Amino acid sequence: MDAATAATATAAAAAMVWFRKGLRVHDNPALDAARRGAARVYPVFVLDPRYLRPDPDAPSPGSARAGVARVRFLLESLDDLDSRLRRLGSRLLLLRARDDVSDAVCGALKDWNIGKLYFESDTEPYALARDKRVTDFAAASGIEVFSPVSHTLFDPAVIIEKNGGRPPLTYQSFLNIAGEPPAPIAEEYSVLPPIGDTGEYELFSVPKLEELGYGDISQEHVPPFRGGETEALKRMRESLQDKEWVAKFEKPKGDPSAFLKPATTVLSPYLKFGCLSSRYFYHCIQDVYRSTKMHTKPPVSLTGQLLWRDFFYTVSFGTPNFDHMKGNKICKQIPWRESEELFVAWRDGRTGYPWIDAIMIQLRKWGWMHHLARHSVACFLTRGDLFIHWEKGRDVFERLLIDSDWAINNGNWLWLSCSSFFYQYHRIYSPISFGKKYDPNGDYIRHFIPALKHMPKQYIYEPWTAPLSVQEKARCIIGKDYPKPVVDHAAASKECRNRMGEAYALNRPGGGDPVKGNKASNSRQRKISEYGPDSSKSKQPKYKQLRRL
């Protein structure tokens, strides 16, 4: 065998598994294929400065794109993945990118003489651009690439292809096309191929949060949700043990004020980072259903929530500019108000409405809150009270939520602002009565806003109505120890309804542009269903199936 042939054979025997999401061993098609197809496997994760680089101008410790709660969850997930790989005779090779992750991956592919590259496909715009740079390099270098779909139940590109090249814009039309998802990989294994020579590469241990340069974070709250596959599987099994609860699960029901024991599974961050396979979770739920006489159905059931997740992934992949109002064909053009003062009050939990502020403080501390709590604050910021652009709120959620997911976050903000999918803008969450019906004593508020700890229950949701003597006794003077309301809800919500009505009128055929004020024709007003616009006749750009390499 000559030297060239030997080098080729050596490269063919070496594979890289590039972890990004999919931070797990179970039901991991990329890892499973690599262990079967290579004599040496390099499991790699690259720390991305885009998400981790400290930003001193950020409103709270962390980077421009991630608060410390989400960074902590990621590091815990990486640490757990490393531990699980070590039990299989391998380990996680952690690299640091100077600027572009793709440069670090391509450098390792070349330096380690890798012949096959395996990674889970991703549909987010940033990931698509990043992955194309890597796959172009791989193609030019003769490196085989396998990029399976495993972050979602279905392949969004296949769903779009089956729908005539357009994403289905209603949940029901999505279900009609999707069918049943593929089964997860059931085989377990006790050993992985060894790692090959890494040369002079500096391989890092998973860093501690304190080592990332976010300043003094000693006072930062440690969320009650620990990252990693081990915790994900434990939490899933504990949730599914209560078969009656699983069978009767019905969203949107649930108590948004429950914080000591949340009213949901809190598995969303584990699905976001891929610590838990959505297909495995789906099939485990189906096992429970088979053991019960009756169970709820989509869209409200537990499996229905996983299908909602896939719905938003599919629509986001097939809709250009999905994360913006402008240039987004499914988004209503609304002339949102610009008020940095009101926005900052909302972001920082200083609106003067305790229910809203407690939710935003929970978000800041925990990186998580109940879905109905998210609905409350999203409505308040946009069409309910402040009439501020949903993109501003989306950015706050994207940075702070530990389960921040590009497709779902944008989809929910489009929905809750009545910009797309849902159009009943007159239905507004009250910042006073909505929380009160779940938690009349205000325990949730007292926990997250200590200044209101001693406020009598009859004033806890409207402390500005308490007589001064009551405020003094509660040691909380409104306007000093806790802010006055930034708006009057009754007047603000009426104004928002009027503004939304005007914007909707301008979005009808023949109406003017609500932003520019001209008479340019807009796309037709779509029919409203319970789950979103009727897309049966709407024209959408055609999308080719995701390239499988």
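The questions below go from the whole chain to single residues.

Trainee: What kind of model is this, and how many helices and strands does the protein have?

Mentor: This is a predicted model, and every value we discuss is computed from it. The secondary structure of the protein comes to 22 helices and 7 strands.

Trainee: What radius of gyration does the protein have, and what would a compact globule of 549 residues have?

Mentor: Along its principal axes, the C-alpha trace of the protein spans about 90 × 55 × 55 Å. For 549 residues, a compact globule would have a radius of gyration near 24 Å, and the protein agrees with this, because its own value is 25 Å.

Trainee: Which percentage of the residues is buried?

Mentor: A residue counts as buried when its relative accessible area is under 20%. Of the 549 residues in the protein, the buried share is 58%.

Trainee: Which residue of β2 is the bridge partner of Ala-14?

Mentor: Strand β2 covers residues 40-47, and β1 pairs with β2 in the parallel sense over 6 bridges. Within β2, the bridge partner of Ala-14 is Arg-40.

Trainee: Which elements do the buried residues of helix α2 pack against?

Mentor: Helix α2 runs over residues 29-37, and its buried residues include Pro-29, Ala-30, Leu-31 and Asp-32, together with Ala-34 and Arg-35. These buried residues pack against β1, β2, α4, β4 and β5.

Trainee: Is Ser-90 buried or exposed, and what is its relative accessible area?

Mentor: Ser-90 lies in the loop between α4 and β3. Leaving aside neighbours within four places in sequence, Ser-90 is in contact with Pro-43, Leu-85, Leu-192 and Ile-195. Ser-90 counts as buried, because its relative accessible area is 8%.

Trainee: Which residues does Glu-391 touch, not counting those up to four places away in sequence?

Mentor: Glu-391 belongs to helix α17, which covers residues 390-400. At 17% relative accessibility, Glu-391 counts as buried. Not counting residues up to four places away in sequence, Glu-391 touches Asp-323, His-324 and Met-325.

Trainee: Which peptide bond is cis, with omega near 15 degrees?

Mentor: Most residues other than glycine have a negative phi, and most peptide bonds are trans. The place to look is the loop between α12 and α13, where Pro-299 is found. The cis bond, with omega near 15 degrees, runs from Pro-298 to Pro-299.

Trainee: Is Arg-475 buried or exposed, and at what relative accessibility?

Mentor: Arg-475 is in the loop between α21 and α22, and its phi is near 55 degrees, a positive value in a residue other than glycine. A residue counts as exposed when its relative accessible area is over 50%. Arg-475 therefore counts as exposed, its relative accessibility being 58%.

Note on methods:
Residues are numbered from 1 along each chain as its sequence is written. This is a predicted model: local features need pLDDT of at least 70, side-chain atom pairs count only at pLDDT 80 or more; totals for chains, interfaces and linings use all residues. Side-chain values use heavy atoms; hydrogens and water are left out. Helices (H or I, at least four residues) and strands (E, at least two) are DSSP runs, numbered from the N terminus. The radius of gyration is taken over C-alpha atoms; the globule rule is 2.2 Å times the number of residues to the power 0.38. Buried means under 20% relative accessible area, exposed over 50%, partly exposed in between (1.4 Å probe, protein chains only). Two strands pair if DSSP finds at least two bridges between them. Contact means heavy atoms within 4.5 Å.
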